[in-house]
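Please consider the following briefing alongside the sequence and the model. The points are grouped by topic.

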Amino acid sequence: MNTTFDAGIGQAAEHPAIDTTLRIQAQDLMRSHAPGESGSCQHPSCKGVAYPCVARRVAGELSDASSGPWPRQWTARLDAQSCGIPVVAVRS
Ligand SMILES: [Zn+2]
C-alpha cells in the first residue's frame with residue numbers, strides 16, 4: 001500500500017482548490033449590489049428591491065462555494081444561472 005499516495009488524496013479532499021473565477025465574480029456582484037441610503041439595493045436592475053437582493057445572496061453563495069469542493073462550485077454556477085446571473089467560465 002502506498003501511504004504517500006493515500007495522504008495526497010486526503011489532502012486534496014480537505015483543501016479544495018479555490019475557484020478564482022467564482023470568487024472574483026462574487027466580489028464584483030457584492031460591489032455592484034450594495035445597499036443604498038434607503039436600505040434597498042442601489043443596482044439599476046434592482047431598483048426598489050429590499051437588500052439583500054437575489055444577486056447579493058447569490059454572490060454570497062458564489063463566494064462560499066469558491067473555496068468549497070468542486071461539486072459545490074459547479075452547482076453554485078448552475079444556481080446563479082438559474083437566477084439569471086451568468087457566471088463566466090474563464091476570466092480574461
Ligand atoms: Zn441588487
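**Zinc site and overall fold**

Along the chain, the donors of the zinc ion follow the spacing H-x7-C-x4-C-x6-C; donors are N, O and S atoms within 2.8 Å of the metal (3.2 Å for Na, K and Ca), and water is not among the atoms, so sites may look incomplete. This is a predicted model, in which local features need pLDDT of at least 70 and side-chain atom pairs count only at pLDDT 80 or more, while totals for chains, interfaces and linings use all residues. Residues are numbered from 1 along each chain as its sequence is written, and side-chain values use heavy atoms, with hydrogens and water left out.

- The zinc ion is coordinated by His33 through ND1 and by Cys41, Cys46 and Cys53 through SG, at 2.1 to 2.4 Å.
- The site of the zinc ion is tetrahedral, with angles of 97 to 119° among its 4 donor atoms; four donors count as tetrahedral if all angles lie between 85 and 135 degrees.
- For four tetrahedral donors, the ideal angle at a metal is 109.5 degrees.
- His33 and Cys41 are both buried, where buried means under 20% relative accessible area, exposed over 50%, and partly exposed in between (1.4 Å probe, protein chains only).
- Cys46 is buried, at a relative accessible area of 10%, and Cys53 counts as buried at 1%.
- The count of disulfides comes to 0, a disulfide being a pair of cysteine sulfur atoms within 2.5 Å.

**Secondary structure and burial**

- The protein has 4 helices and 0 strands; helices (H or I, at least four residues) and strands (E, at least two) are DSSP runs, numbered from the N terminus.
- Read along the sequence, the pattern is α-α-α-α.
- Of the 92 residues of the protein, 28% count as buried.

**Salt bridges**

- The structure holds 3 salt bridges, each defined as a side-chain nitrogen of Lys or Arg within 4 Å of a carboxyl oxygen of Asp or Glu.
- Arg77 and Asp19 meet through their side chains in a salt bridge (3.0 Å, N to O). Arg77 lies in helix α4 and Asp19 in the loop between α1 (3–14) and α2 (20–32), so this pair ties together parts that are 58 residues apart in sequence. Both Arg77 and Asp19 are buried.
- Arg72 forms a salt bridge with Glu61, with the closest N and O atoms 3.4 Å apart. This pair links distant parts of the chain, as Arg72 is in helix α4 and Glu61 in helix α3 (residues 54–66), 11 residues apart. Arg72 is partly exposed, with a relative accessible area of 32%, and Glu61 is partly exposed, with 31%.
- Asp28 and Arg31 form a salt bridge through their side chains (2.6 Å, N to O). Asp28 and Arg31 are 3 residues apart in helix α2 and are therefore separated by about one helical turn. Asp28 is partly exposed at 28% relative accessible area, whereas Arg31 counts as exposed at 57%.

**Surface patch**

- Trp70, Trp74 and Leu78 form a nonpolar patch on the surface, with about 420 Å² of accessible area together. Patches are made of residues with over 30% relative accessible area and no salt bridge, like charges being joined within 9 Å and nonpolar side chains (Val, Leu, Ile, Met, Phe, Trp, Tyr) within 5 Å. Accessible areas come from the Shrake-Rupley method with a 1.4 Å probe, and for residues only the protein chains shown count as cover.
- Trp74 is located in helix α4 (residues 70–82) and is exposed, with a relative accessible area of 52%.

Notes. Four donors count as tetrahedral if all angles lie between 85 and 135 degrees; four count as square planar and six as octahedral if opposite donors are over 155 degrees apart and all others between 65 and 115; anything else is irregular.
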